[in-house]
Amino acid sequence: MGSRRTLASIGALVLAGAILDLATLGDPPAQSTDDTATEPTVAAIVAVVSPAPPAPAPPPVVHVVPRRVVIISEDGLRPDVLSAELTPRHFALMAQGASAILAETIPESDTLPSHASMLSGVGAIAHGLSWNSYKADRGFIHVPTIFSMAHAHGMSTAMIVGKPKLRHIASPGTVDHFERPSYLCNGVAKRAAEYFTASSPDLLFIHFSDPDEYGHSHGWMSPEYLRAVRWSDTCLGTVLDAIDASGNAETTLVIVTADHGGHGMHHSVGHEMVDREIPWIVRGPDVGHGVKIGGTIETVDTAATTLAALGLPALPHMTGEARLTFTR
């Protein structure tokens, strides 16, 4: 009786929609002479005749785009001074992101003209800041900057710097917060870290003075200059630690660069190539790890890359080009 009930149940399952033809089940098994043998259960037959469940859909790809950009300029930092021993935070940043094989500033390799080109994307003749000290009566940069474009699109902007001359780049109505907490980088980095943690501006420019100060006073590549480079590396770490702890690191593009290099106790006398060579390191969304960027990156490319990262249009007459592609 039990055998008939089992076969009846199996037949009901097949008629209810099992897709396997009964003919494929083959001949019925031979009758066992072992009193302990049992017939196949209904669950076992169902497992044979039921179709396999569909494979689960792959998880959606979550694409992260930059939401903010932090530019850190280390005044007078030569790229050939960077090493794992002297500048471990710079080397770690290179491993986490991309860096230029060769990057150059403009021929007018002084602090104010170079930074004006870095942040406007045009050369010195176009932006009009040909001098290199703070002169309140000479006004502001003659062209729009990355702060102009960001501010016009409702983004928050800030500059925290070591030298007062950089105020000439902060045209009225373009920089929400301008601050000069100290000359050397220890005070600048601490304040910048605090400001980023509290406000998370969409565009933040930070300036360290140390390498340039000790290059002028003791000579580029002197022990004193190298010590200043080590301090600047520590200050970079202060800012990066604040970004990493903020919860916004995944959506923050960080660009580390310089306005010029230097030789002897100068950086614009004789127009030596070593005066124009600068580092260019970037980390953030859409940036690979340990990537070396070929070709020559110009300092005006920093402005173009920043605007591309923020999804903003290029500035009028900008000569720089975005050196990274950002998918939005």
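Contact here means heavy atoms within 4.5 Å. Keep that cut-off in hand for the first stop. The model is predicted.

**Stop 1: T145**

Select T145. Its place is the loop between helix 5 (124-127) and helix 6 (146-152). T145 counts as buried, at 1% relative accessibility. Now show its neighbours. Leaving out residues up to four places away in sequence, T145 touches L119, S120, I169 and L315.

**Stop 2: the disulfide**

Select C185 and C235. A disulfide joins them, with S to S at 2.2 Å. The count for the structure is one disulfide. C185 belongs to helix 7 (residues 185-199) and C235 to helix 9, so pick both helices. The two cysteines are 50 residues apart, and the pair links distant parts of the chain. Look along the S-S bond of C185 and C235: the torsion is about 70°, so the disulfide is right-handed. Check burial next. C185 is buried, with a relative accessible area of 1%. C235 counts as buried too, at 4% relative accessibility.

**Stop 3**

R89 counts as partly exposed, at 27%. The structure holds nine salt bridges; two further examples follow.

**Stop 4: D212 and K163**

Select D212 and K163. Their side chains meet in a salt bridge, 2.8 Å from N to O. D212 is in helix 8 (residues 210-218). K163 is in the loop between strand 3 (157-160) and strand 4 (177-179). The two residues are 49 apart, and the pair links distant parts of the chain. D212 is buried, and so is K163. D75, K163 and D212 are linked in a network of salt bridges.

**Stop 5: R323 and D301**

Move to R323 and D301. They form a salt bridge, with the closest N and O atoms 3.5 Å apart. R323 lies in the segment after helix 11 (300-309) and D301 in helix 11, so the pair ties together parts that are 22 residues apart in sequence. R323 is partly exposed, with a relative accessible area of 24%, whereas D301 is buried, at 5%.

**Stop 6: the aromatic pairs**

How many aromatic pairs does a search of the whole structure find? It finds two. Select Y214 and W231 for one of them. This pair is edge-to-face, 5.4 Å centre to centre, with 80° between the planes. Y214 is in helix 8 and W231 in helix 9, 17 residues apart, and the pair links distant parts of the chain. W231 is partly exposed, with a relative accessible area of 34%.

Then select W220 and Y225. This pair is tilted: 5.9 Å centre to centre, with 40° between the planes. W220 counts as buried, at 7% relative accessibility. Y225 counts as buried as well, at 0%.

**Stop 7: R138 over W131**

Finish with R138 and W131. Turn the view to look down on the W131 ring. The charged end of R138 sits over that ring, 4.0 Å from its centre.

Definitions and conventions:
Residues numbered from 1 in each chain as written. Heavy atoms only, no water. Salt bridge = Lys/Arg side-chain N within 4 Å of Asp/Glu carboxyl O. Buried < 20%, exposed > 50% of the residue type's maximum accessible area, 1.4 Å probe, protein only. Helix = DSSP H or I, 4+ residues; strand = E, 2+ residues; numbered from the N terminus. Disulfide = S-S within 2.5 Å. Phe/Tyr/Trp six-rings, centres within 6.5 Å; stacked < 30°, edge-to-face > 60°. Lys NZ or Arg CZ within 6 Å of the ring centre and 35° of its normal.
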